[in-house]
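Colleague: I am new to this one, and I would like to know where the labels come from. Could you take me through it?

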Amino acid sequence: MAVLSLPRRTVSRSVRALGVVSASAALTLGIAGSAAACNINEFSAEAKCVGDNGVITVTDVDPAGVPATVTVFLQNNGADIQKIGEQVVKGSRKGTTITFEEDWKPNAEYRIHVKATPYVDEDIKPNLTTPATPCKGEEEPPAPEEPAPTPSQSSSTPAEEPGTPAPSASESGSTPPADTSGNVPSPAGESNLAETGAGSNTGLIAGVAAALVAVGGGAIFFGMRRRGTNSER
């Protein structure tokens, strides 16, 4: 039976090629295993309302269940101003959710960092922005109360005691209307009436009445005298 002998150079080349292939396969499997174990894309965050209270939830859908530390920061103008909380989560194929109680404000921004050594150490992109509507509606301000009367207002006008006479027109301090009739000159012969307080029309009527009485008396006198003359004849 003949035995085939291979040159040493050929054998060396074959072994070297096999080693390169094995290393490449191991590196590929290692990268694939790392990607399958945990990835930042397997984490998601959301701002929600539970009744009137706000919460922030983070969900991990890593099927390998690698423990990951999740930290939430409140941001303002790209800088962390407050650490909200930190929790550990083990993902699952269906998803595992953790909750951070946070009374968030509308349009607020939060940075969420995930660390799962040695696989993930980065933020969820983009940052979480809360909704524009708050969880609890704004309450209407109470109606302003009417101010109570001050002591000066309540005692400015004292109540009149029973039996107290009302102040007269001269005591009230009010100015009586000016008498314009005194500025108009009275007709001749009526000055005495005007001085006694009678009106100009009253004097005229009295004068006419006196004239009528005189005329009537004269007529009666002449009538009686004429009758006497006729009777004497």
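**The open sheet and its labels**

Modeller: Gladly. Strands E1, E2 and E5 make an open sheet in the order E1-E2-E5, and their pairing is antiparallel. The edge strands are E1 (43-50) and E5 (96-101), each of which pairs on one side only. On average, neighbouring strands of this sheet are turned by 25 degrees against each other, direction ignored; the angles are taken between axes, which are lines fitted to C-alpha atoms, on a scale from 0 to 180 degrees between N-to-C directions, with helix axes fitted over the stretch in contact.

This is a predicted model, where local features need pLDDT of at least 70 and side-chain atom pairs count only at pLDDT 80 or more, while totals for chains, interfaces and linings use all residues. Residues are numbered from 1 along each chain as its sequence is written, and side-chain values use heavy atoms, leaving out hydrogens and water.

Colleague: What makes E2 and E5 a pair?

Modeller: Two strands pair if DSSP finds at least two bridges between them. Six bridges join E2 (residues 53-60) to E5, so the pair meets that definition. The two strands run antiparallel, and Val 55 stands opposite Glu 101 in E5.

Colleague: How do you know that E6 and E7 pair as well, and in which sense?

Modeller: E6 (residues 109-116) and E7 (residues 120-123) share four bridges in the antiparallel sense. They form a hairpin with three residues between them, and His 113 stands opposite Asp 123 in E7.

Colleague: What counts as a helix or a strand here?

Modeller: Both are DSSP runs numbered from the N terminus: helices are H or I with at least four residues, strands are E with at least two. The protein chain comes to four helices and eight strands, in the sequence pattern α-β-β-β-β-β-β-β-β-α-α-α.

Colleague: Why is Leu 212 called exposed?

Modeller: Exposed means over 50% relative accessible area, buried under 20%, and partly exposed in between (1.4 Å probe, protein chains only). Leu 212 has 60% relative accessibility, so it counts as exposed. Its place is in helix H4 (residues 200-232). Across the protein chain, buried residues make up 19% of the 233 residues.
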